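Subject: A structure to look through

Dear colleague,

My notes on what was found follow directly after it.

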Protein chains: 2
Amino acid sequence: MKRDESLEEWLDRVDQDYLAHISLDCVVFGFHAGQLKILLLKMKHEDRRALPGGFVMNEETLEDAAIRTLKERTGLENVFLQQFRVFSDPRRSDPDNRAEDLKRIGIDPGKAQWFAQRFISVGFYALVEFSCVVPRPDLLSDTCDWYNLDERGPLILDHDGILEEALDTLQSQLNYQPVGYSLLPRKFTLPELQKLYEAILGKKLDRRNFQRKIFSYGILRSLDEKRTGVAHKAPYLYSFDLRKYQKALKLGLQGGW
Amino acid sequence: MKRDESLEEWLDRVDQDYLAHISLDCVVFGFHAGQLKILLLKMKHEDRRALPGGFVMNEETLEDAAIRTLKERTGLENVFLQQFRVFSDPRRSDPDNRAEDLKRIGIDPGKAQWFAQRFISVGFYALVEFSCVVPRPDLLSDTCDWYNLDERGPLILDHDGILEEALDTLQSQLNYQPVGYSLLPRKFTLPELQKLYEAILGKKLDRRNFQRKIFSYGILRSLDEKRTGVAHKAPYLYSFDLRKYQKALKLGLQGGW
């Protein structure tokens, strides 16, 4: 949907403005207070939550559609955003239920019909800086909010599977690519970086092994600054060496062939 | 299209049997005589070549559509096949040209119309053992053959870009994942494995560095056998340690966190 369009205006033209059969779903990861968070919508008259998603306009690329969707839900324009897989099970949504859901929230059955077709959905994941996001629901939702991964409750359609696969992708990328630049503030402490890794992996890591490994990648720049205003011994601050970070994104953490 | 269907039968039902707007293209890599090869179709009345591709039937997943397409083109059933990106530029094909191309090969304009719609194409790449493939053209093509990467000539639509992106994906995977199991015969020599890496990377590698690095991954099993019937000193044969290979596919070559 376009910004500031009413639900009625949107539904009136949805079959003309958007491509049939193709949708997209965004798994938006943020990191706050040592926890990995995801952004979910609470749809109207539906207890289960949903990933932010959308459709592709006639003259738009998938990437532009995902950027538009994320801007509408988060207020952010420059987001680390990546396609990770297409979800195409013909039974990923039940056509009858889908139209029913919309009728239940008062949408005319003729207009709800468009949503009953088969959709193949392209999964994107986004890494965003939690503190910069201003969540905003879409026209079919009551709320848009951050949830802890393990407190999210069941999601609609195949969204649980899409979320799991995005998390799998992120976890396996930790093994060969740097992660963190988009999720952390510019300056961070080593314990904060370790907590991010632990939150993504869902397990505790040994402090000394973590530090040995992360330093061996050569992507950290140690700053001549300490975190102030903390109770214990003030920890040193680090930032990413962006040139080396970008190189490792391209060649992997081992430096390539 | 289904096996043994005529062009007329296929075109007659294409708009009823297949989803609108969604296609797939397969970049099929093989390795032969020290060269990386790709499988291309020579379309009827068209000088440029094309990647093997297809459409998605109403009740089929994308993966099943790709498996079906590859089986039709290669005769192979169990192929290493992976989605790598969706191509969705609204100008990736010129609608007028697309219908014109089909009219030129004698297809009724009304039936050619279906092909003039906008298609978003899901790119798959496949790694196959060259010697097992029996290439077979599709209904819109004269021939289906292997080509050396650098002798392929220009491709139709955005297929050059799709091919380049598949090759980029394969090259970057060399930096963190094992590659080779699907492309090499079960037993191979170290020079053969090095040639495969060189063919994918498009550059020569130092023999000693290559061997040091590849042994450090611990994915090779040295066999108590030599290649026989060769002119020079008979080289030792190796195979992949499948358990370690699979683990490295999942965790990356470094062993993971």
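If neighbours within four places in sequence are left aside, D241(B) is in contact with I219(B), L220(B) and R221(B). D241(B) itself sits in the loop between strand 9 (236–240) and helix 8 (242–251) of chain B. Is D241(B) buried or exposed? Its relative accessibility is 16%, and because buried means under 20% relative accessible area, D241(B) counts as buried. Please keep in mind while you read that this is a predicted model, and that the values in this message were therefore computed from a prediction.

With residues up to four places away in sequence not counted, R221(A) touches L237(A), Y238(A), S239(A), F240(A) and D241(A). R221(A) has a relative accessibility of 42%, and so it counts as partly exposed. From C-alpha to C-alpha, R221(A) and R208(A) are 18 Å apart in space, while 13 residues separate them in sequence.

As for chain A as a whole, it has eight helices and nine strands, and its C-alpha trace spans about 65 × 45 × 30 Å along its principal axes. Of its 257 residues, 54% count as buried. If you take the contacts in chain A with a separation of 6 or more, residues 24 or more positions apart account for 73% of them.

Two residues of chain A deserve a look at their backbone. A33(A) is not a glycine, and yet it has a positive phi of about 50 degrees; you will find A33(A) in the loop between strand 1 (18–32) and strand 2 (35–43) of chain A. With a relative accessible area of 68%, A33(A) is exposed. L157(A), which is not a glycine either, has a positive phi of about 45 degrees, and its place is in the loop between strand 7 (141–148) and helix 5 (159–173) of chain A. The relative accessible area of L157(A) is 32%, so this residue is partly exposed.

Next comes a pair of helices in chain A. The axes of helix 6 (residues 190–201) and helix 7 (residues 207–216) of chain A come within 11 Å and cross at roughly 95 degrees. Why do helix 6 and helix 7 of chain A count as roughly perpendicular to each other? Angles from 65 to 115 degrees are classed in that way, and the two helices are therefore roughly perpendicular. On the side of helix 6 of chain A, the residues that meet helix 7 are L190(A), L193(A), Q194(A) and Y197(A), and their partners in helix 7 are R207(A), F210(A), Q211(A), I214(A) and F215(A). The residues of this contact divide into six nonpolar, two polar and one charged.

In chain B, helix 6 (residues 190–201) and helix 7 (residues 207–216) pack at an angle of about 95 degrees, with their axes 11 Å apart. These helices of chain B are therefore roughly perpendicular to each other.

Helix 6 of chain B also holds L201(B), which is buried, with a relative accessible area of 18%. Leaving aside neighbours within four places in sequence, L201(B) is in contact with W257(A), Q171(B) and L174(B). The C-alpha atoms of L201(B) and L174(B) are separated by 8.6 Å, although these residues are 27 residues apart along the chain.

How many residues of chain B are in contact with chain A? There are 39 residues of chain B in contact with 39 residues of chain A. The two chains bury about 3400 Å² between them, and 59% of this is on carbon and sulfur atoms. On the chain B side, N175(B), Q254(B) and W257(B) lose the most area to chain A, together 28% of what that side buries.

Finally, please look at the nonpolar core. In soluble globular proteins, nonpolar side chains tend to be buried together. The largest nonpolar core here has 47 residues, and those with the most contacts inside it are L24(A), V28(A), L62(A), L24(B), V28(B), L62(B) and V128(B).

With kind regards

Notes
Residues numbered from 1 in each chain as written. Chains lettered and ligands numbered in written order. Predicted model: local features only at pLDDT ≥ 70, side-chain atom pairs only at ≥ 80, totals over all residues. Heavy atoms only, no water. Axes fitted to C-alpha atoms, helices over the stretch in contact; angles between N-to-C directions. Helix = DSSP H or I, 4+ residues; strand = E, 2+ residues; numbered from the N terminus. Parallel < 35°, antiparallel > 145°, perpendicular 65-115°, else oblique. Buried < 20%, exposed > 50% of the residue type's maximum accessible area, 1.4 Å probe, protein only. Contact = heavy atoms within 4.5 Å. Core = buried A, V, L, I, M, F, W, Y, C linked by side-chain atoms within 4.5 Å. Buried area = accessible area lost by both parts, 1.4 Å probe. Nonpolar A, V, L, I, M, F, W, Y, C, P; charged D, E, K, R; others polar.
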